[in-house]
Amino acid sequence: MSTVDPVITSPYYTEWADVFYYISPYSWGYIGVALALGLSIVGAAWGIFLTGSSLLGSSVKSPRIVTKNLVSVIFCEAVAIYGIIISILMIEKFSDKDDIPEQKSLFSAYNLFSVGLTVGFSNLFCGVCVGITGSNAAIADAQTPETFVKILIIEIFGSALGLFGLIIGILQVGDASI
């Protein structure tokens, strides 16, 4: 007597693509929101950790660098704010209307998921980039104060990664509506 697994012989799942198709569009959209917000906050925290530890260590040698190098921590906090901004824009795309066609709803769900990945990972990498650059700015400023402005310019370019991710995310969100 052979036993048949009811999940495998289910008429709903004929291939692996059906598994993704039958997941609620709201789930994909909310996972995108969570990725955008979560990865942005992780990137900001990681950057603050990298910058803060080097800043505290370097301030032992020269305490004057603490106030100047807090700019690096502010750049890292901006990364988390970018994640909050895009998350608010993504949450506004959810509605209670039932008259949205199924294909548009699926497109919007995958769109919000991809926005979450794009903005989340760009902010994660931006936070690490700004953290490493801010760490090196604190160490270099403790040894030679003339290098601070030069490294700060590089840090601004690194901070632009998160801003570019935010702009691309805003353009991607566009006319999505679930």
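Select Tyr26, Tyr30 and Phe94 to begin, for these residues form one aromatic cluster, where rings of Phe, Tyr and Trp (its six-membered ring) pair if their centres lie within 6.5 Å, and planes under 30 degrees apart count as stacked, over 60 as edge-to-face and the rest as tilted. This is a predicted model, in which local features need pLDDT of at least 70 and side-chain atom pairs count only at pLDDT 80 or more, while totals for chains, interfaces and linings use all residues. Residues are numbered from 1 along each chain as its sequence is written, and side-chain values use heavy atoms, with hydrogens and water left out.

By the ring rule, the count comes to five aromatic pairs. In one of them, Tyr26 and Phe94 are stacked, at 6.1 Å centre to centre with 20° between the planes. That pair links distant parts of the chain, with Tyr26 in helix H2 and Phe94 in the loop between helix H4 (70-91) and H5, 68 residues apart; helices (H or I, at least four residues) are DSSP runs, numbered from the N terminus. Phe94 is buried, with a relative accessible area of 14%, where buried means under 20% relative accessible area, exposed over 50%, and partly exposed in between (1.4 Å probe, protein chains only). Tyr30 and Phe94 are also stacked, at 4.2 Å centre to centre and 0° between the planes. Because Tyr30 lies in helix H2 and Phe94 in the loop between H4 and H5, this pair ties together parts that are 64 residues apart in sequence. Tyr30 itself is partly exposed, at 44% relative accessible area.

Next, select Arg64, Lys68 and Asp141, which are linked in a network of salt bridges, each being a side-chain nitrogen of Lys or Arg within 4 Å of a carboxyl oxygen of Asp or Glu. Arg64 and Asp141 meet at 3.5 Å, N to O, and this pair joins the loop between helix H2 (25-58) and helix H3 (65-68), where Arg64 sits, to helix H5 (residues 102-143), which holds Asp141. The side chains of Asp141 and Lys68 meet at 3.4 Å, N to O, with Lys68 in helix H3, 73 residues apart from Asp141. Asp141 is buried at 0% relative accessibility, whereas Arg64 is partly exposed at 40% and Lys68 is partly exposed at 31%.

Finally, select Glu155, found in helix H6 (residues 148-173). Which side chain of opposite charge is nearest to Glu155? It is Lys68, 12 Å away, and Glu155 is buried yet has no salt bridge, given that Lys and Arg count as positive and Asp and Glu as negative, with His and the chain ends not counted. Leaving aside neighbours within four places in sequence, Glu155 is in contact (heavy atoms within 4.5 Å) with residues including Ser72, Phe75 and Val130.

Note on methods: Helix = DSSP H or I, 4+ residues; strand = E, 2+ residues; numbered from the N terminus.
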